[in-house]
Amino acid sequence: MDEFSSGHVFDGVFQVAYFVPDIQAGMEWWTAQLGVGPWFVIDRIGDTGVTYRGKPSEAEFTIALAYSGCLNIELIQTLDDRPSIYREAREKRGYGFHHVAIAMSGLEEAVAVRQARGSAVLHHSPTPGGGQVYFFDGGDDGPGLIELVEDVPVTREIFTEIWRASLDWDGSRPRRDFVEVLAAAGLETSG
């Protein structure tokens, strides 16, 4: 087994994600109740290169990422009511648990296997550094979706930097800009 620098194994679940009505309140709850943080926030993401149920998607949302031990926690808040996996989840189940994520090499093969079994790609989008993510329904008995995250070096570095920030975190600056992670990972932050 190969491990990310943050200690989680790829080809296994490394993230749980929750859909929330208010991302600031969500971060504050996780920090106050469970000591999770710091949170790295992308205030506006989506639109460019994203598909929802096979069609271009213009939906935008905010995400916040933090670690508790070796588990990544993601919070998501929609910024509009355009069609998306988040609006769909809210209509089906309301707010709460949204998905688990698995980081893996051989992403295209894994996507093809799921499609051959009858699963449709619900959402597809690029990630910083050239990776991709795909979302699939978790099934009728599943509590949410399954996200497949392409294991590329930049993705590993981004999650490792978020994890490093959580080590011995003293509670200062609980909300941070995702640009800090990109800079620490040596990625371009212009724009």
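**View 1. Helix α2 at the largest cavity.** Helix α2 (residues 85–93) supplies five residues to the lining of the largest cavity, the largest share of that lining. The model shown here and in the other views is predicted. The residues around this cavity are Ile85, Glu88, Ala89, Lys92, Arg93, Leu122, Asp137 and Leu145. Sorted by class, four of the lining residues are nonpolar and four are charged, with no polar residue. The volume of the largest cavity is about 50 Å³, and the structure holds one cavity of 30 Å³ or more.

**View 2. The centre of the largest pocket.** This pocket has a volume of about 630 Å³. Its lining comprises 27 residues, of which Ile45, Ile63, Pro126, Thr127 and Pro128 are the closest to the centre.

**View 3. Elements that line the largest pocket.** Two or more lining residues come from each of the strands β2 (39–46), β5 (60–68), β8 (121–126), β9 (132–137) and β10 (145–150), and from helix α4 (153–166). The class count for the lining of the largest pocket is 17 nonpolar, eight polar and two charged residues.

**View 4. Confidence along the protein chain.** The protein chain has a mean pLDDT of 90, and 92% of its residues reach 70 or more.

Notes:
Residues numbered from 1 in each chain as written. Predicted model: local features only at pLDDT ≥ 70, side-chain atom pairs only at ≥ 80, totals over all residues. Heavy atoms only, no water. 1 Å grid on protein atoms, 1.4 Å probe; cavity = no way out; pocket = protein on both sides within 12 Å on 5 of 7 lines; lining within 4 Å. Points joined across faces, edges and corners; volume = space filled by probe spheres on them. Helix = DSSP H or I, 4+ residues; strand = E, 2+ residues; numbered from the N terminus. Nonpolar A, V, L, I, M, F, W, Y, C, P; charged D, E, K, R; others polar. pLDDT = per-residue confidence, 0-100.
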